[in-house]
Amino acid sequence: MSMSPPPGWYPDPSRPAVERWWDGSGWTEHRRTPEATVQPAQARPGLAPTAVQPLPVRTGGRRARAVALGAAGAVLVASIVTGFLVLQDDDGDPAAGPAPTAAEPDGPTPTPTSASPTASASPTDDPDTLTDELNGITLPVPDGWEKADHAVGDELTLQTPETYDCPGDPGFCRHGTITTRTVTGTDERSPEKLARRDIKDAAEAAYDHDALDREPFGGIARHTQVKSGTVAVAGRGGYYVRWRVHTEKGPGGYVQSVSFPSSSGSEAMVVVRISVDAAEGAPPLSDIDEVVDGIRPIDDSATGGGVGSSVGPTP
């Protein structure tokens, strides 16, 4: 029985000399130069990386040899079945399951969808750190926050653990959320333009309509820009915009969009969205600056940033 391999870096089926990000269901546009590590099995062009792993075989005794032969036979059967399904998938058989989306060597590269972080990035076991492997960054988890149990689309999420009854349409709201996402659908590389473009969407996602088209806060009445400017994020030049959002019901809150280039893979642009209620029991606004200042490249705890830090040139 064939199983889809977990998200991670695998040899690119169209360019084996580099690695490409597999999000658990399809190939994304993110590529990087392979590191000196043990590589997963090679993937055929346009196909998912194989998830079949060899089983260890113990020696010694007739019974052990029988068990080993049985295990080897099971692996062989699984490999044959997997190969059959792959060949069926090549012929367009819908019964073979969804095929990974892959760009032809000479064709355009598709952008990853945001309907699934499908866990496009993997949270670390460290409760004090959120790791976004796709974008090559880690975020600190402030006191009073937690990592969400599930990732959605290209977004990993931090949130305040307690919920409360939304003041508008029925439902449950949280006093704070933080998400990371990869910018898609545009070739824009200016952190300022991307942050200014994203802040409206961030405000609407936090305080206007939710995914079920409800208005948890009765909609947005007005907003005021509190601050904006350049910021160093994980050693890269970025830009941030913060709004104070006033809602028809409830106290509203603060929303901030931060944009910067990733330091890994294809160096795609990244947006971190932060929302904090302006209400009793909500996290302090200083948590926003703590998170942005604490963003680091993976495996580089010494490279930080923050407002007013030295900002290097943006590629």
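Mentor: Keep in mind that this is a predicted model. Ask away.

Trainee: How many helices and strands are in the protein chain?

Mentor: The chain has 315 residues, and 40% of them are buried. Its exposed surface comes to about 16400 Å², with carbon and sulfur atoms supplying 53% of that area. As for helices and strands, the protein chain holds three helices and 16 strands.

Trainee: Which residue in β5 is the bridge partner of L130?

Mentor: Strand β5 covers residues 137–140 and runs antiparallel to β4, with four bridges joining the two. Within β5, the partner of L130 is L139.

Trainee: How many salt bridges does a search of the whole structure find?

Mentor: Side chains of opposite charge can pair when their charged atoms come close. The cut-off for a salt bridge here is a nitrogen of Lys or Arg within 4 Å of a carboxyl oxygen of Asp or Glu. With that rule, the search of the whole structure finds 10.

Trainee: Are R20 and D12 buried or exposed?

Mentor: R20 and D12 form a salt bridge, with their closest N and O atoms 3.6 Å apart. Residues under 20% relative accessible area count as buried. Both R20 and D12 are buried.

Trainee: How many residues apart in sequence are the parts that R32 and E19 tie together?

Mentor: The side chains of R32 and E19 form a salt bridge, 2.7 Å from N to O. R32 lies in strand β3 (residues 27–32), while E19 lies in strand β2 (residues 19–22). The pair therefore ties together parts whose separation in sequence is 13 residues.

Trainee: Which term, buried or partly exposed, applies to R32?

Mentor: E19 has a relative accessible area of 3% and is buried. R32 has 23% relative accessibility. Since buried means under 20% and exposed means over 50%, R32 counts as partly exposed.

Trainee: What separates R196 and E192 along helix α2?

Mentor: These two side chains meet in a salt bridge, at 3.2 Å from N to O. R196 is partly exposed at 36% relative accessibility, and E192 is partly exposed at 36%. Both lie in helix α2 (residues 191–207), four residues apart, so the separation is about one helical turn.

Trainee: Which residues do salt bridges that share partners join into one network?

Mentor: R20 and D12 form one of the salt bridges. Through shared partners, the network consists of D12, R20 and R31.

Trainee: What is the torsion about the S-S bond of C166 and C173?

Mentor: A disulfide is a covalent bond between the sulfur atoms of two cysteines. The count here is one disulfide, joining C166 to C173 with an S to S distance of 2.0 Å. Both C166 and C173 are buried. The disulfide is right-handed because the torsion about its S-S bond is about 115°.

Note on methods:
Residues are numbered from 1 along each chain as its sequence is written. This is a predicted model: local features need pLDDT of at least 70, side-chain atom pairs count only at pLDDT 80 or more; totals for chains, interfaces and linings use all residues. Side-chain values use heavy atoms; hydrogens and water are left out. Buried means under 20% relative accessible area, exposed over 50%, partly exposed in between (1.4 Å probe, protein chains only). Two strands pair if DSSP finds at least two bridges between them. Accessible areas come from the Shrake-Rupley method with a 1.4 Å probe; for residues, only the protein chains shown count as cover. A disulfide is a pair of cysteine sulfur atoms within 2.5 Å.
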